[in-house]
Structures are given as C-alpha cells and as structure tokens.
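Here's a quick briefing on a protein model, written for someone new to reading structures. Have a look at the picture, then work through the points by topic.

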Amino acid sequence: MSTTATTQRPTATALGHQEREVLAAVGCGLRDDEIAGALGLREDAVAEHLARILAKLGLRDRAAAIVHAFDCGLVAPGRGPRTPSVRPVPRAAAGETAGPTVRISLLGPLQAWRDGRPLDLGHPRQQAVLATLALCPERGLSQQELLDDVWGMEPPAANVVPVYVYRLRKVLRGGDGPDSVIEYARRGYRLVPGAVDVDVVRLEELVTAIGTADRAGEPAEAVRLCAEALELFRGGPLAGLPGPLAELERLRLTERRLFVVQRKVEGQLRLGQDAEAIAELFALSAAHPLNEPLAALLMRALYRNGRQADALAVFDRARRRLADELGVPPSRMLRGTHQMILRGDESGLGLIPSPSAARLSRGPRTAQARHHLPAAGSSGR
C-alpha cells in the first residue's frame, strides 16, 4: 500500500493530537526513547502510538512515516516540527543569495552540487529517481509514475520511492540548511521551481537561441551558442542510470547533441571556417558511421574545400556500411548530394555564404573557396 496519496497532498487529519505529536517527532528522526523523553510518555506507549499511526495512515514502516510527516506538513525540512505559530522565513529575509544553490547535470553521469560542493546521490536507482524529477521540472510526479519511469515492468518488492525521496531531500538540502528542493505538489513530487539549475533545461534554452540566431542571419552568434551548448556535455547523457525513461532520454539527448553539432558545422561553413568544420565532421562521422546527414554534410564540406575525391570516398564508405550493416542503399538525400558533387552543382550543395560571412572569411582558403563559388546572382541553399 502506498505511503502517500498520489493524487492529492497527504494529510494527518485522521490522527489524534498525541499521535500527531508522535508522528512529528518520528519525522524529525527521533528514536522512541527520545520521543518518550520529549513528550513525557513511556517508551512502550510511543511504540503503541506509532503502530496505530501506521495502521490509520496505511503506512508500511517507520521510514514511510518519516516521509509522510514531511509530505503532510507536520515537519519542515531542517526546522523540526512545524506548528501553526511558526511560519517559514522567506529566503530574502534570511539573507540568502538569490538564484539556485543546487546544480544538477544529466548530460553525462548524473552529478549534483550544492554551493559548488559535489553531493553523494546514493545508488543508481536513487539517482534515477532524482534524474526523473529533473527531466520533468514543470509538473509533479506520482509514486506510480516514478515507479514506471525508473523500474518499468519490474517494480521493487518494497515501497521504496518515499524512502529515496526522503534521502534525496536530506542530501540536496545539505547540512542544517532550512530548505528542501523536492516538494510534494498537487499531483506528486517535483523539484521546487527556481531552486535547482538543471543543465538539460539550459541546453533547450540554447537550442532555441541557436534557431533565433540562424533565422536572423547571424552565423557567428549561432556557432558561439552551439559551442556553449556542446560544453554542457560531459559524456554520454545519463550514463549508467537504469530505467525506461533514462534509456529514452539517452537517445533523445544524444540526437540533440548531434543536431547542435550539425548546426555548428553549418555555421562554420558559412563563415568560411572549413578546416574546423571538416575536423569536427570527421570525428563525428567516425562515431556515427550510419548517420547519413552527417556523411552528406562532410561531403559538402570536403567538396567546398576543393577535395572532390575525398568527398566521393565518403559516399562510397557510407554506401558500403549501409549495405553491410543494414542491408539498405543510401538514402535519396545522400544519393542527391553524391550526384550534385559529380555534376559540380555548387548552388545545390549550399556553398554560397552570406555577404557578412564572406567578409568574415579569412586565411589562405578564402581565395580557393571564391574560385569554387558560382557567379554573383546565383541562388544559395
């Protein structure tokens, strides 16, 4: 049985006054003997109260009771029992600095920092719970959604989600700090808005800005934004994390990375930075040999650089890999690029930079590139 409601905020209204005091003390992490001393009860009476609390609320064990005390508002993280006369102190009044103090990085092995200090996030399943919350920052996730996203078709024998959330709250809060960054919202658990900086959110902001720069005809700004986005990656996204959601997000974020690299290279080609673009494309194509858009982009870059034979060799290599590994011919797009190179169709290959890009072109390649450009007035890509 679930320890907390999944559709509304849990309450402790079914408990008597003494039971609510016991539950609040349990939520503060006190032992039975400490609770007995604090409330003036016998230790065996505390145990009896706790047994009734678990039965009334449908909780499995003491750990679930601790989580419930937080979720129903009896205990505020880091402040002890919450009473009607005690109100949380606003961040500004407490003299805290503005902005998130917790950073979470998903674009590589999961990592988190508080005030620049790395945090121990526990074992992989617990980390996967945090990653799921970080990937869905705008809404609350019920226990069932977290189970589906992290465990899939093999749910755990015990109701561990509340326990993991409790541990993560403690780790992310850090020391005796007053604020938890995980709250129980209307539908379930979520990261407190504005309390956490997540690198995936920043990545999406940069992708939007890249599109804006492209539409404004600002290739240099687009290349700069692409470089900033790629610096966020520290390896394979969500590396080593279990669960269906992590697997799907690994694929999505890897594709996102490829998209950003392609936009960066296209911008470099418009700016006349052929050497940088070709080096990046060769490395990327080696890592993704079956990616036909990458192969086509490398072919265009090589042809633009006066290396027609190398461009045709890229096509032959891609054609063989597709046949040997997938049993399919090159796509229409890749064949079209091949034919345009054979015909010398430079305008079809998108080899005409914008006037501003032409002015920015530099180095000995400029004259060579100008030699391969069609006459003025031809249409570009």
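**A strand pair to start with**

Strand β3 pairs with strand β8 (residues 196-198) in the parallel sense, over 3 bridges. Helices (H or I, at least four residues) and strands (E, at least two) are DSSP runs, numbered from the N terminus, and two strands pair if DSSP finds at least two bridges between them. Keep in mind that this is a predicted model: local features need pLDDT of at least 70, side-chain atom pairs count only at pLDDT 80 or more, and totals for chains, interfaces and linings use all residues. Residues are numbered from 1 along each chain as its sequence is written, and side-chain values use heavy atoms, with hydrogens and water left out.

**The overall picture**

- The protein's secondary structure comes to 16 helices and 8 strands.
- Of the 381 residues in the protein, 47% are buried; that word means under 20% relative accessible area, while exposed means over 50% and partly exposed is in between (1.4 Å probe, protein chains only).
- Take the contacts between residues at least 6 apart in sequence: 66% of them join residues at least 24 apart. A contact here means heavy atoms within 4.5 Å.

**The sheet**

- Strands of a sheet pair through backbone hydrogen bonds, either parallel or antiparallel.
- Here, 4 strands make an open sheet in the order β5-β4-β3-β8, and the pairing is mixed.
- The edge strands are β5 (117-118) and β8, each of which pairs on one side only.
- Helix α8 packs on this sheet and touches β3 and β8; its direction makes about 55 degrees with that of β8. Axes are lines fitted to C-alpha atoms, for helices over the stretch in contact, and angles run from 0 to 180 degrees between N-to-C directions.
- β3 (residues 102-105) and β4 (residues 111-114) run antiparallel and are joined by 4 bridges.
- Follow Ile 104 for a moment: it stands opposite Ala 112 in β4, and its bridge partner in β8 is Val 198.
- Ser 105 has its own bridge partner in β4, namely Gln 111.
- β3 and β4 form a hairpin with 5 residues between them, and Gly 108 in the turn has a positive phi of about 150 degrees.

**A helix on the inside**

- Why is helix α6 (residues 143-150) described as largely enclosed by the rest of the structure? Because 6 of its 8 residues are buried.
- Those buried residues are Gln 143, Glu 145, Leu 146, Leu 147, Asp 149 and Val 150.
- The buried residues of α6 pack against α5 (124-135), α7 (161-173), β7 (189-191) and α10 (244-270).
- Just after α6 comes Gly 152, with a positive phi of about 65 degrees.

**Two helix pairs**

- Two packed helices are described by the angle between their axes and the distance between the axes.
- For α10 and helix α11 (residues 274-287), the axes come within 8 Å and cross at roughly 155 degrees.
- α10 and α11 are therefore roughly antiparallel to each other; angles under 35 degrees count as roughly parallel, over 145 as roughly antiparallel, 65 to 115 as roughly perpendicular and the rest as oblique.
- The α10 and α11 crossing is left-handed, meaning that the near helix is turned anticlockwise from the far one by less than a right angle (clockwise would be right-handed).
- Residues making this contact include Leu 258, Val 261 and Lys 264 of α10, and Ala 277, Glu 280 and Leu 281 of α11.
- Helices α8 (residues 199-215) and α9 (residues 219-230) pack at an angle of about 165 degrees, with their axes 9 Å apart.
- α8 and α9 are therefore roughly antiparallel to each other too, and α8 passes α9 in a left-handed crossing.
- Among the residues in this contact are Leu 203, Leu 206 and Ile 210 of α8, along with Ala 222 and Leu 225 of α9.

- Most residues other than glycine have a negative phi, and most peptide bonds are trans.
- Asp 115 is not a glycine, yet it has a positive phi of about 55 degrees; it is found in the loop between β4 and β5.
- Is Asp 115 buried or exposed? Asp 115 counts as exposed, at 61% relative accessibility.
- Leu 238, also a residue other than glycine, has a positive phi near 55 degrees.
- Leu 238 has its place in the loop between α9 and α10, and is buried, with a relative accessible area of 0%.
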